[in-house]
Amino acid sequence: MKNSKWIGLAAVAGFVLSTGSAFGQDNGVFKGKVVFKGNADNYKRTLLDTNRDPNCKKSKARIGSYDVILNTKTDPITIRNVIVHVKDGLGDRTFPVPNEKVILTQVGCEYEPHVMALMEGQILQVLNGDETNHNIHFQPQKNEAYNFTQPRKDTEVGRELKLVAEPTPFKVKCDVHPWMGAYIGVFKHPFFAVTGDDGTFEIKGLPPGKYSIVAWHESFGEQKMDVEIASGAAVEKDFTFEPK
């Protein structure tokens, strides 16, 4: 179990998550970065109080806030944990659902990854890697509002769920540890990505056509862009969030 858990984590956390394999040689790529324009000092991460559960404090002494994480070492400054996805333009096309499971785990009383995306019907496996109980509480618009307790690590394989597409990403929280939160985007197609440490994204395998593409962030909201993908072309454009 342990080996499969960490292999799954490597597939979805700590870097830009790109999806959408090439469905034809004439398909293209849309890529870029999500830029922050403003005073980064207003969005410094704060230290969260984890004293409620001594097991959390023992596991990880410091946990930073997740609502805004800026990559201040990049020029320009970029934003992590932004879901970039095709909103419109695919028509009635359908796409195969990946066989790979997507993993949401609880480690050090944090969700890993904090923001994730998957296709409708793809298996989401929820795991507990901590020496304490967690409560997983989904707050979706269309999916079942799952609310279940997960015992400490190695006591069960983990809950496996199949989700339907949502209009916007929804929040997952832990009722036991109120600082814990994550967001899940569920789409009917594989054309989405989540920005990672460098704030970049890449969506591969887009059929030629005109698309409306959205960048979503839990604190900054949405940005929309119209893009045309020519046969076999790679289009590079950036989204910019400028909070007031």
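**Exercise 1.** Find what sits over the ring of Tyr 66.

Solution. The charged end of Arg 45 is placed over the Tyr 66 ring, 4.7 Å from its centre. The criterion is NZ of Lys or CZ of Arg within 6 Å of the ring centre and within 35 degrees of the ring normal. Next, Arg 159 lies over the face of Phe 148, with 3.9 Å to the ring centre.

The model is predicted: local features need pLDDT of at least 70, side-chain atom pairs count only at pLDDT 80 or more, and totals for chains, interfaces and linings use all residues. Residues are numbered from 1 along each chain as its sequence is written, and side-chain values use heavy atoms, without hydrogens and water.

**Exercise 2.** Classify the ring pair of Phe 36 and Tyr 43.

Solution. Rings of Phe, Tyr and Trp (its six-membered ring) pair if their centres lie within 6.5 Å; planes under 30 degrees apart are stacked, over 60 edge-to-face, the rest tilted. The whole structure has 11 aromatic pairs. For Phe 36 and Tyr 43 the centres are 5.5 Å apart and the planes at 75°, so the pair is edge-to-face. Ring pairs also join Phe 36 and Tyr 43 with Phe 220 and Phe 241 in a cluster.

**Exercise 3.** Decide whether Phe 36 and Tyr 43 are buried, partly exposed or exposed.

Solution. Buried means under 20% relative accessible area, exposed over 50%, partly exposed in between (1.4 Å probe, protein chains only). Phe 36 has 5% relative accessibility, so Phe 36 is buried. Tyr 43 has 24%, so Tyr 43 is partly exposed.
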